[in-house]
Amino acid sequence: MNVLMVSPGFPAEMPRFTRGLAQVGANVVGLSDQPAEALPELARTHLADHIHVPSLWDERAVVEIVEQHARRRPLDRVECLWEPGLVLAARLREALGLPGMSVEQTLPFRDKELMKQRLDAAGIRTPHHYRARTVEEVREGVERIGYPIIIKPIAGAGATDTYRIDRPQDLEQVLPRIRHVPEVSVEEFVEAEEFTYDTISINGAVLHFNVAWYRPRPLIDKLVEWVSPQTIALRDVAAEELQVGIEMGRKVLRALDFQTGYTHMEWYRRPDGSAVFGEIGARAPGARLVDIINFSCDIDTYVGWAEAVCHGRFSQRVERKYNAATVFKRAQGQGRIQRIEGLERLMAEFGEFICGVDLLPIGAPRRDWKQVIVSDGIIYVRHPDLQQLLHMADRIGTDLQLFAG
Ligand SMILES: Nc1ncnc2c1ncn2[C@@H]1O[C@H](COP(=O)(O)OP(=O)(O)OP(=O)(O)O)[C@@H](O)[C@H]1O
Ligand SMILES: [Mg+2]
């Protein structure tokens, strides 16, 4: 089976999915806007072939180049797990007459307003929302919805240009800052805890799913530098309070006619226990959530996804053994990492539960925590008991410190 993998080298998870495809027996053809030599080694070593295009965003040119290539070496599937490339992948499938999501099926996953319209029509509770292209339209939306509201880009990612607005003065401050965003969604602010619902599906049937909990809410992560954001893949997915979200997730997949691949949905659970839809991507989650999905069950969903899309099955046995978390660290100070404090002590105490340490090394320049969710490094930790896990994750938050200067 010949599988075209769009962007096999970026973002960080893609080389592992590329490896997954190769491991289930696919000949993987990479498609990217960099030469094969520039790809991360893990991606390069699992590619049978590579198509280098000048730009991935000139869709027509890319389709032509891939069609030429496919005449010599026919393709069986086109896969993409990188948000900006999803429509391109769908267009390639249509041009080559291959199975998988079409452009029409993909668009509601890319356009948050279209997404919500579809879901509203299916009776799924979304935040009250209003699409706005001009300052007047934003004001009109605010008027209709009432404070507090949230303003965010229609095609957003990583909570960039996302603002909570509590009163008219805040609105006046935010309006000039979002002038560069062509189209925004003005939404009711939902006071809630935030969770995910992540699936691997085949022909509309969910074969594997995961529920993760964000601590604190991602918007807080974007506003407050000192927090160490946690994402926790939950062990007890049968817990009563999660069922509203899981049921909503299944309805969402049906309403959007999702067929085959990885999906990542975010949902809100309000203090009264009800669920409100957040957003969904027709792709795997980012920010290493796939790794904690794997750590929580000792499985490999990079391979599991590949097996599903190539062979229509998910054969790994899933036993939910752990709650598994990522804790993202942000250094104090600017410049380069100078020292790391507290790691030895934490390792001595919790070492058997820590399944990965991936911190920037001494001397490395700090990353921009507003742009990069993983910030200056990650600790992976897991435990069968949720309270124990939360305790360890919080201790990693407070006792592990990176200093830059
Ligand atoms: N209607 C809302 N009510 C409350 N909070 C919201 C709302 N919309 C967005 N947020 C906050 O902003 C964050 C980012 O919004 P959202 O997930 O919709 O966009 P995004 O930029 O695509 O996110 P990402 O790519 O980081 O998942 C949410 O996780 C949530 O904390
Ligand atoms: Mg989000």
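## An exposed threonine

With 12 C-beta neighbours inside 10 Å, Thr160 counts as exposed, because a residue is placed in that class when it has 12 or fewer. Keep in mind as you look at it that this is a predicted model.

For a sense of distance, compare Thr160 with Ala393: the two are 233 residues apart in sequence, and their C-alpha atoms are 26 Å apart in space.

## The chain as a whole

Let's step back to the overall picture. The chain has 405 residues, and a compact globule of that length would have a radius of gyration near 22 Å; the value for this chain is 21 Å, so the two agree. Along the principal axes, the C-alpha atoms fill a box of roughly 60 × 55 × 45 Å.

How many helices and strands does the chain contain? The secondary structure comes to 14 helices and 19 strands. Of the 405 residues, 42% are buried. Contacts also reach across the sequence: if you take those between residues at least 6 apart, 66% of them join residues at least 24 apart.

## A four-stranded sheet

Now try to trace one of the sheets. Four strands form an open sheet in the order β3-β2-β1-β4, and their pairing is parallel. Which strands stand at the edges? They are β3 (49–52) and β4 (77–79); each has a single partner strand, so one side of each is left without a neighbour in the sheet. From one strand to the next, the twist averages 20°.

Elsewhere in this sheet, β1 (residues 2–6) runs parallel to β2 (residues 27–32), and five bridges join them. To see a bridge pair for yourself, look for Leu4, whose partner in β2 is Val29.

## Two helices side by side

Finally, have a look at helix α4 (residues 86–96) and helix α5 (residues 103–110). Their axes come within 9 Å and cross at roughly 175°. Angles over 145 degrees count as roughly antiparallel, so α4 is roughly antiparallel to α5.

Which residues make the contact? From α4 come Leu86, Val87, Ala90, Arg91 and Glu94, while α5 brings Val103, Thr106, Leu107, Phe109 and Arg110. Sorted by class, this contact between α4 and α5 has six nonpolar residues, three charged ones and one polar one.

Notes. Residues numbered from 1 in each chain as written. Chains lettered and ligands numbered in written order. Predicted model: local features only at pLDDT ≥ 70, side-chain atom pairs only at ≥ 80, totals over all residues. Axes fitted to C-alpha atoms, helices over the stretch in contact; angles between N-to-C directions. Parallel < 35°, antiparallel > 145°, perpendicular 65-115°, else oblique. Contact = placed C-beta atoms within 7 Å. Nonpolar A, V, L, I, M, F, W, Y, C, P; charged D, E, K, R; others polar. Buried ≥ 20, exposed ≤ 12 C-beta atoms within 10 Å, placed from the backbone. Pairing = 2+ DSSP bridges. Rg over C-alpha atoms; globule rule 2.2 N^0.38 Å.
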